[in-house]
Amino acid sequence: MSRGNRWLWLAAILVYAFLYIPLAVVVIYSFNDSRLNAEWVGFTLLWYKTLLNDHEMLLAARNSLIIAFSASLSATLLGTMAGLAIHRYNLKVLPVLVFTPVAMPEILLGVSLLLFFLQVLHLTLGMASIIIAHTTFCVGFVAIIVRARLQGMDESIFEAARDLGASSWQTFRLVTLPLIMPAVVAGALMSFTLSIDDFVITFFTKGVGEPILPIQIYTMIKVAVTPEVNAVSTLLMLLTLVMIIIASRLEANALADKTSATGGGTGT
Amino acid sequence: MALLEIRNVTRRFGSYTAVDNVSISVDAGEFFTLLGPSGCGKTTLLRMIAGFDLPDSGEILLDGKNMVGTPPERRPVHTVFQNYALFPHMTVADNIAFPLRMAGKSAHEIKAKVAEALNNVRLSNFGGRFPHELSGGQKQRVAFARGLVNRPRLLLLDEPLGALDAKLREEMQIELINLQKEVGVTFVFVTHAQDEALALSHRIAVMNRGIVEQVDEPSKIYGFPCNRFVADFIGKISMMDAQVVEAAPLYLRLDVGELGEVTTAGKYGVQTGDRGVIAIRPEQVRISHPSDEPHFTNYFTGRVHDFLYIGDVTTYIVELANGARIEALLPNSAPGRATFFEVGDEVGISWRHDSGVFLQ
Amino acid sequence: MKAEEAQRKQQPAKFFVAGPPMLFLLLFFVAPSLIMIVTSFRFPGEFGGLAPFAPSSVPVAPIGTPVETGFTLEAYEFFFGDIIYAKIFLKSFAVAAATTLICLVMAYPLALLIARSDKRLRNLMVLLVVLPFASNFLIRIYAWMIILGPESALSHFINTFLGAFGLGPVSLLFSPFAVLVGMVYVHLPFMVLPLYTNLEKHDRSLLDAAQDLGAARWQRFWRVTWPLSLPGVFSGSALVFIPVLGMFAVPDILGGTGDILIGNLIKDQFLGTRDWPFGSVLSIMLTLAVLSVAGLAAWFARSSGTERAG
């Protein structure tokens, strides 16, 4: 290892430490037998027990899961269509509509949806408004993933299908869909994760009704901090960790073997 | 009636004309090749036959019916793509079965036909493999099998051998000829490799910048190119400016400036006084020591300007008194010596009284 | 023309596939944005929200109070009238710039290392950078509440250190420092990934050539690696700068009362004082700021180093 690389490694380790120590602190203190997040007293599962008995929190978790499922379903559907359309047709407007919500600060989307729901639709803010809001900003992510997958594929496969007698629908069903499926699933998982985690947009579109998980956490942080927050944080981290690993495995798998079916080579 | 008739087809992209009023007819059972440099329009034409593009004007008739406007999936025409385009998520057997499925054949029939197709390309045990498990040559054979399995009226091949290395390419060329004979399907083959075209085809259409220069059998294309482009594109050729002195039915006498005169075979439509070039293939030119008796009637002396040794033959580039350079081919059949002549040697070159072609 | 006929036949499929997402986004993205623009020109209602557009028979305010209706530039005048809003915008830009710079300095060595490592290690390292992103956004901020809190080991350490010099105890939390740390922490992965994607594509032989021609280590970095990495630097910077501009959660949780940024202002208008027109004006101003930054970043990225490094 060259001398320069040694400094790079040092810098890298420091950055990784910076990234992980705070999270480690949260996890460790979730087992701490003390109200304060100050110093280690002893090991306990008290906070997890409190968590499981906290009805408000459990309700919030249930609501968040329902929202995440619904939003990820609709976002995946719309996002896949958008990704396909943008890749296949030379569209001007749709790409802008799809990708802008991804790039701009979430607060703008949250605020404008708040106005829209109350002013125009006269909709009482609640689960429905949150699901719509989450779908709106997740569509872009799914579209990006699906489109990237399509761009990496050899176009002549679709032509070959039609050449051999398949109609547009058959081509989609038998060739396109199976090949983009990993991207679609990755997009669904990503949407699910983004939805469960979302704070800003949920904050504005939630209204005063149902408890939602990130908002609950926020309230606890601002009002009465107890290590119960640490416990729920740790559990959430575990959940999203699993989701991300599954998603990245799928992407890697799909890209690796299946796309090397075209192109020439040597040997008989 | 020809199987495929292309009538006055034109295709423009903006101000650029890719295919310019092309008319070609292909007979049933033929191995027909579209040959030309990149950008000559051959691939565009092929795509129009397949249905992936529409001509701006003209007709494309298959068995007498105009196909223009019919989408690719409804044409009895299949394509073998340049990079094979095998479906990566399907097995070899499923790939080959695909057109049969699209045609609604019974499962029983599909199974039988797929087995037969695999047999034809000598991949009988590969049905369960996936494309990414195959070598280049194997993928190619699957692509052929897939295109032929339901005996289309026409099989289009878009430079399918382009990605293979030289040795494999030669083997596949022979396989392709045999396959076509066995199956009897009409092939329309696109390539820019003129040696490949000469080896495989019954007839060749040489294309350049959107127009068809010449359509003929390989030997005629090679031996009697109709213009300078075709002469130069196919094989190697040397050219010298010439003017017709006498135009008889069986021969032409040409004035080649300070070198004197040259005779060549007669050509229809040529008149005294016409200007052009005399074109000679290297294998028609004999090289010899200046002291030897001239082999043929058309004899000149010159100096060896350069040579290219390729193992079996050596090509000598001889510069004549008027500055013209003529290539002469000498087989290295005599053992021991690598070359007979060195750069700067005085040599004599000659060719038969009826060799070469006069082109205008 | 025949070719156009076929294209027209393609249309139905196009509508089926592009239609639904387009409609959805027009309805739930474009329309709300337009509503926001319209709202910025309205009067605020007595009890929050908006005053009615036209005089109505339904009382919206205690009898006797004048109710203004219709369109107005009042909210805009309010914004431009007080220098404090400009100051807050400026502060937000400053925080965004500082965050971006710090993220760049921290992310670059890491991205460089990842790009130079071999394939398997690389994927693992990238995953390790992305994983903290897997934790909930609030948790990442909350973690710093613990670390910077007055009872934490870090606070004790720093204050003891300062105490030795006779300097008073300092509160790490609820300060601009905490806000900055929080912003950097949340956005660091966004800088690492684009940088890494760019650096990975660099052609190793360019560095070898430079070395062969006599360039020392630092020169090789400054004259070869850095210029080629600029597009990645700009993407990463945009991905950090823009969200930071609009962020309110970090100052809200980690900052003191004087540390509010644009995002906090906007949040207050909509959920606190409920002055919607003014909140809309603020949002529009933020949008314009974001658009200009995005435009600038795109322009920079295009004009410098658009050639691929490979």
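Glu159(A) and Arg47(B) pair their side chains in a salt bridge, with N and O 2.9 Å apart. Here a salt bridge is a side-chain nitrogen of Lys or Arg within 4 Å of a carboxyl oxygen of Asp or Glu. Glu159(A) sits in helix 7 (residues 156-163) of chain A and Arg47(B) in helix 1 (residues 42-50) of chain B, so the pair joins two chains. This is a predicted model, in which local features need pLDDT of at least 70 and side-chain atom pairs count only at pLDDT 80 or more, while totals for chains, interfaces and linings use all residues. Residues are numbered from 1 along each chain as its sequence is written, chains are lettered from A and ligands numbered from 1 in the order in which they are written, and side-chain values use heavy atoms, with hydrogens and water left out.

**Chain A overall**

- Chain A has 11 helices and zero strands. Helices (H or I, at least four residues) and strands (E, at least two) are DSSP runs, numbered from the N terminus.
- The C-alpha atoms of chain A fill a box of roughly 70 × 65 × 30 Å along the principal axes.
- Of the 268 residues in chain A, 56% are buried. Buried means under 20% relative accessible area, exposed over 50%, and partly exposed in between (1.4 Å probe, protein chains only).
- Take the contacts in chain A between residues at least 6 apart in sequence: 73% of them join residues at least 24 apart. A contact means heavy atoms within 4.5 Å.
- Chain A exposes about 11400 Å², and carbon and sulfur atoms supply 68% of that area. The areas come from the Shrake-Rupley method with a 1.4 Å probe; for residues, only the protein chains shown count as cover.

**Helix 10 of chain A**

- Helix 10 covers residues 213-222, and eight of its 10 residues are buried, so the helix is largely enclosed by the rest of the structure.
- The buried residues include Leu213(A), Pro214(A), Tyr218(A) and Met220(A).

**Where chain A meets chain C**

- Chain C gives 75 residues to the contact and chain A gives 74.
- The two chains bury about 6800 Å² between them, 82% of it on carbon and sulfur atoms. Buried area is the accessible area (1.4 Å probe) that two parts lose on being put together, summed over both.
- Phe28(C), Phe29(C) and Tyr142(C) supply 10% of the area that chain C buries against chain A, more than any other three residues.
- One salt bridge is counted between chain C and chain A. Lys222(A) pairs with Asp252(C), their closest N and O atoms being 3.4 Å apart.
- A network of salt bridges links Lys222(A), Asp252(C) and Lys267(C).

**Other salt bridges**

- The whole structure holds 21 salt bridges over all chains.
- Arg47(B), from the opening pair, is partly exposed at 30% relative accessibility.
- Asp63(B) and Arg153(B) form a salt bridge, N to O 2.8 Å. Asp63(B) lies in the loop between strand 4 (57-62) and strand 5 (65-66) of chain B, and Arg153(B) in the loop between helix 4 (136-148) and strand 7 (154-158) of chain B, so the pair ties together parts 90 residues apart in sequence.
- Asp63(B) is partly exposed at 35% relative accessibility. Arg153(B) is partly exposed too, with a relative accessible area of 38%.
- Glu319(B) and Arg325(B) also form a salt bridge, N to O 3.1 Å. Glu319(B) is partly exposed at 28% relative accessible area, and Arg325(B) is partly exposed at 43%.
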